[in-house]
Amino acid sequence: MGVLEALSNTALSRYMAESLWGYPIALTLHAIGMGLLVGVVCILNLRVLGVFRQIPFTGLNKWFPVILVGFLVNLCSGTMLYLSDPANLVKNWAFDVKIVLVVIGMILLLAMRATPAFKNISSMPAAAIGGNPSKVIAIVSLIVWLTAITSGRLTGYVTVY
Amino acid sequence: MNVQHILDSIEQTGLSHWVMGHYWVWPTMETMHFVGLSALFGGLALADLRLIGYMKNIPYKALSKIIPLAVVGFIINTITGVLFFIGNPHRYYPNVAFRFKMLCILLAGLNLLLYQFVVKPKADTWGAGDKTTWIAKCVGVASILLWIGVITGGRLIPFLE
């Protein structure tokens, strides 16, 4: 028995495929988590690039837990959505692109935390902007997350034969 | 002229035909609606969390500089949302989830008035480390819950037809 078949035989997968409310609830949580995750990551990136410079750089440290909450909500709800139709979603190119982009986006976030500006965040001046490594990551991250939303939306439109 | 006639005449406009007549318009607007959602919800969540008492190391007035970005998200979503309605007025008007979503937006607007005239004047004086007030906490919690309600109503529209 293949992995996909085994997955679709799990209790959670059958619940997601057959129950009336499992799918819409997971979809709703996924949209809420997306707003929190992508919204706060993008505002963080803009701040690193010099927008909203009145916000003290040190304060950005407190945004990572907020982003993590959004990510965890979407990891759980996304897994539930995936289990509703494991065999067909892997054949959906838009879904594959989205997963790759989300993984890249999260790696970029970890990379951002490892840049000098964030490693020394407590000693950064209030009006600081990110150094070059942080700025490059911020620009790429903005593009990655906007493209991730686009491919996530297209997942529902790609027909799988 | 009753409501059905108004909906009929909306459906017969050139704009309605344009929205429904091209395969790419709907998914493009949906993607923009999701990007707008992230700007709106992410931006407001950060400001609301400060009102509730999280990240007190950021002066409120500095953090509130992100609110214009949330307003941009709201404008994007008003435009795309109105276009959805014009495209398919008979689908949205009677939909319970759509009506719930509109009610939540209305209540969020009233909550915003409370914010603007009661909470903001005081919150703007909060420096780093300053505590919040009970009414600011109530307005912040209400804002987060109402926007979660808006997202929930929107996401459930296709499931309550």
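In chain B, 83% of the contacts with a separation of 6 or more are between residues 24 or more positions apart. The structure is a predicted model. Its scores are ipTM 0.95 and pTM 0.95. Chain B has an average pLDDT of 97, and 99% of the residues reach at least 70.

Chain B contains eight helices and zero strands. From the N terminus on, its elements follow the order α-α-α-α-α-α-α-α. Its C-alpha trace spans about 55 × 30 × 25 Å along the principal axes. The chain has 161 residues, and buried residues make up 35% of them.

Chain A likewise comprises eight helices and zero strands. The order of its elements, from the N terminus on, is α-α-α-α-α-α-α-α. A box of roughly 55 × 25 × 25 Å, taken along the principal axes, holds the C-alpha atoms of chain A. Of its 161 residues, 37% count as buried. Contacts in chain A between residues at least 6 apart in sequence were also examined. Among these, 80% join residues at least 24 apart.

The contact between the chains draws 27 residues from chain A and 29 residues from chain B. On the side of chain A that touches chain B, the elements giving two or more residues are α3 and α8 (132-155) of chain A. Helix α3(A) supplies the largest share of this side, 13 residues. By residue class, the side of chain A that touches chain B divides into 18 nonpolar, seven polar and two charged.

How do the axes of α3(A) and α3(B) cross? They come within 7 Å and cross at roughly 75°. This angle makes α3(A) roughly perpendicular to α3(B). From α3(A), the residues that meet α3(B) are Ala31(A), Met34(A), Gly35(A), Leu36(A), Val38(A), Gly39(A), Val40(A), Cys42(A) and Ile43(A). From α3(B), the partners are Phe34(B), Leu37(B), Ser38(B), Ala39(B), Phe41(B), Gly42(B), Gly43(B), Ala45(B) and Leu46(B). The residues of this contact divide into 13 nonpolar, five polar and no charged.

The largest nonpolar core has 62 residues. Those with the most contacts inside it are Val40(A), Val41(A), Phe41(B) and Leu63(B). Helix α3 (residues 22-49) of chain A gives the largest share of this core, 13 residues. Two of the residues named for the core, Val40(A) and Phe41(B), also belong to the contact of α3(A) with α3(B). Val41(A) touches Ile67(A), Leu109(A), Ser141(A) and Trp145(A), with residues up to four places away in sequence not counted. In soluble globular proteins, nonpolar side chains tend to be buried together.

Within chain B, helix α2 (residues 14-21) packs with helix α5 (residues 67-87) at an angle of about 95°. Their axes are 8 Å apart. The angle makes α2(B) roughly perpendicular to α5(B). Helix α2(B) contributes Leu15(B), Ser16(B), Val19(B) and Met20(B) to the contact. Helix α5(B) contributes Leu83(B), Ile86(B) and Gly87(B). The residues of this contact divide into five nonpolar, two polar and no charged.

Two loop residues were also examined. Lys56(B) lies in the loop between α3 (25-52) and α4 (60-63) of chain B. Is Lys56(B) buried or partly exposed? Lys56(B) has 17 other C-beta atoms within 10 Å, so it is partly exposed. A residue counts as buried only with 20 or more such atoms, and as exposed with 12 or fewer. Lys56(B) touches Gly129(B) and Asp130(B), not counting residues up to four places away in sequence.

In chain A, Trp21(A) is placed in the loop between α2 (11-18) and α3. Trp21(A) is exposed, because 10 other C-beta atoms lie within 10 Å. The C-alpha atoms of Trp21(A) and Met106(A) are separated by 29 Å, with the residues 85 residues apart along the chain.

Technical notes:
Residues numbered from 1 in each chain as written. Chains lettered and ligands numbered in written order. Core = buried A, V, L, I, M, F, W, Y, C linked by C-beta atoms within 7 Å. Helix = DSSP H or I, 4+ residues; strand = E, 2+ residues; numbered from the N terminus. Contact = placed C-beta atoms within 7 Å. Axes fitted to C-alpha atoms, helices over the stretch in contact; angles between N-to-C directions. Parallel < 35°, antiparallel > 145°, perpendicular 65-115°, else oblique. Nonpolar A, V, L, I, M, F, W, Y, C, P; charged D, E, K, R; others polar. pLDDT = per-residue confidence, 0-100.
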